[in-house]
Every structure is written in structure tokens, then in C-alpha cells.
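What follows is a short walk through one structure, strand by strand. Please keep the sequence and the 3D view open while reading.

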Amino acid sequence: MRADRLVATLLFLQTRTRVTVAEVAAELEVSPRTARRDLEALSTAGIPVYSQRGRGGWSLVGGARTDLTGLTAEETRALFLLAGPSSTTPELRTALRKLVRALPAPLRSGAEAASRAGHNDGTHWSRADVTATAPHLDALRRAVVDGIQVRLGYAGPGKPVGVRTVHPLGLVAKAGHDYLVAETERGLRTFRLSRVASVEATGEPVVRPHGFDLPTVWRSFAARLEERLYAATVRARAEPGAMAILERLFDGRLHVGPKLPDGWTEIRVDGPTPEVIATQLAGLGARVEVLDPPEARERLARLAVELAGVYGPPGSSSSRAEK
């Protein structure tokens, strides 16, 4: 778009004492004729851009260095620290390079240093990629930005793919996963992008709910999910050697209580149900004793019987596979 080119041309002029038409053409990846026409358009529009015919090239009057980005030094460092080249997409890296050139000289060194100060490793310790771009992310981004309804092919947990028409309102990244927030015939819903099977734009405009605010809506969704994830609590006691494992397994869901007279530690673990928590604790064997609720103890007792039936008593080489 020409408006974008004109702004880019002005930002490029801002960083140089003098530029030639050929340099502008190479920077903006346009023909020399287009570059010259854009420079002349800036001058005609009243921008203090003039051609130095005797010396050649184009300049801003008086070597003007107004910061067209409007960023302060602190804002610039924060931006580049958050989205440094080592942790961004190719498109954003290109945008950041252009922004560096648009910054006044005193801000450039800080911005470039901030961009090198961080790194984002997009893999889990299990080597699984937790930040892989969902295959339909770009299509949904376009739908959100353009405000176009889509026919969404989506497979819920344990369900076949179904197609529904939705109004895309926003995209959220959470814990290595991308989610679409959309208005549906049943109200606002979230869709995990890894479960999206297809996206087809309908051409119909999105109907945006009155007063819709993406961060507020997402916080509401997240709070309801967290309520389900923390709906139950199991109380137990753990031997000292098990504490480090418990902290890695449950992180913020583990609450450490007082030391007991025998050297063990009282703990509480939150989770969706007592049975689920008990199943997660089962791998620690006798190093953790569940105290209550009763359904958690019953789940462990059933697991013990099931496992003994498969593997037999300790030292036994028999298994169900051999029968």
C-alpha cells in the first residue's frame, strides 16, 4: 500500500543524512521510478523533504531527527527485550530491524542490546515442541483482524470433527498453546487451535458483542478452568526424600505443611478430583501416605490390587502378557 511506503520512506530518511533514489528503492524493494515518485509526493504534501540537486540525493530539511515512533528509551528497551530477534518470527524480526533504523541514534544501541539480551527456547524438557504454530493460526488471525465469520472444523476432546460457524473475536496464547475466543450460537466459547481441523472464511462480517474486551473475557474463562483444576484437595504425609519429586510433579498445586514427629511432612495437593490426585501420587509408592478424603485412599487401594494382578508379588516374573 502506498501509505505504508510513504511512512517507511520517511522513517528511512530520518536515519540518514542523505539518501539516493536507488537506496530508497533497494530499502523498500520497489522500482527507482516508484521511489522517486514517493519522495516527490512527500515533498508535495508539505513534509520537509527536498532534493539536493547539486550534491545529489534527498534529505529532511535541517537533518530533522524527530522520533516518529513516539517511543521513550525505556519503552524501546522493554519492547526489544520482550520481542528480541532470537525469539520472534521472521516477519517480526524484519519489523524490528525497520524499527531500529527508525529510532533516533541515542536509542538504537539500547534497543539492539535489549534484542540480544534474551532467548526463547520453544521446547519442553521432554524435547516436545510447545510453541509450534498451529496449522490454521494464520487463517484465524486474518479472520480476527478482518472481522470475518468462519466455518470452523473442530474436534472436541474425545469427539469427532464437527463444523460450526463462529465469529472470531481474538486469539490467546497460554502455556505453549493457542486458543481462539469466538462468539457462537451458544455464546462465547474458546477453541484450542491444535484441535482445529479446518477454517473457511464465509465473507460475512463478525458480530461483536457489546463491550467485548478480550483480556477480561479470557480471565473469566481461565478462572472457571482453574476452579475445575483446583476443585479437590488431598491431604497426605510424605517422607523427606519425596519432597523434591512432589514439588516437580505438582508445582503450585502442592502446599507444604508442618514437619511431623517422625520426620515426615504433612502436605496438601490440589487437583480436579480426589481420584485423579491419588493416581498421580501412586507412583511414589509408600513414600507418600494419603490420609484423606476416603475416596482417594480407596482409589489407591484399587490401583494396588490391579497392579498386583498384572505384575504379581515382588520378585515374580509372571505377567498378564505371559498368560
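Two strands are said to pair if DSSP finds at least two bridges between them. The model is predicted, and in it four strands form an open sheet with antiparallel pairing, in the order 9-10-8-11. Strand 9 (254-259) and strand 11 (288-292) stand at the edges; each has a single partner strand, so one side of each is left without a neighbour in the sheet. On average, neighbouring strands of this sheet are turned by 30° against each other, direction ignored.

Within this sheet, strand 8 (residues 232-238) and strand 10 (residues 265-271) run antiparallel and are joined by seven bridges. One place to look is Val 234, whose bridge partner in strand 10 is Val 269.

Another place to look is strand 3 (residues 148-155). Six of its eight residues are buried, so the strand is largely enclosed by the rest of the structure. Strand 3 is joined to strand 7 (residues 196-205) by six bridges, and the two run antiparallel. Here Leu 152 has Val 199 of strand 7 as its bridge partner.

Strand 3 also pairs with strand 4 (residues 161-174), in the antiparallel sense and over six bridges. Arg 151 stands opposite Thr 165 in strand 4. The hairpin of strand 3 and strand 4 has five residues between the strands, and in this hairpin Gly 158 takes a positive phi near 70°.

The last stop is a helix and the surface. Leu 225 lies in helix 8 (residues 214-229). Leu 225 counts as partly exposed because its relative accessibility is 41%, a value between the 20% and 50% cut-offs. Together with Leu 229 and Tyr 230, Leu 225 makes a nonpolar surface patch of about 270 Å².

Terms used. Residues numbered from 1 in each chain as written. Predicted model: local features only at pLDDT ≥ 70, side-chain atom pairs only at ≥ 80, totals over all residues. Heavy atoms only, no water. Patch = residues over 30% accessible without salt bridge, like charges linked within 9 Å, V, L, I, M, F, W, Y side chains within 5 Å. Areas by Shrake-Rupley, 256 points an atom, 1.4 Å probe, with all protein chains shown as cover. Salt bridge = Lys/Arg side-chain N within 4 Å of Asp/Glu carboxyl O. Buried < 20%, exposed > 50% of the residue type's maximum accessible area, 1.4 Å probe, protein only. Axes fitted to C-alpha atoms, helices over the stretch in contact; angles between N-to-C directions.
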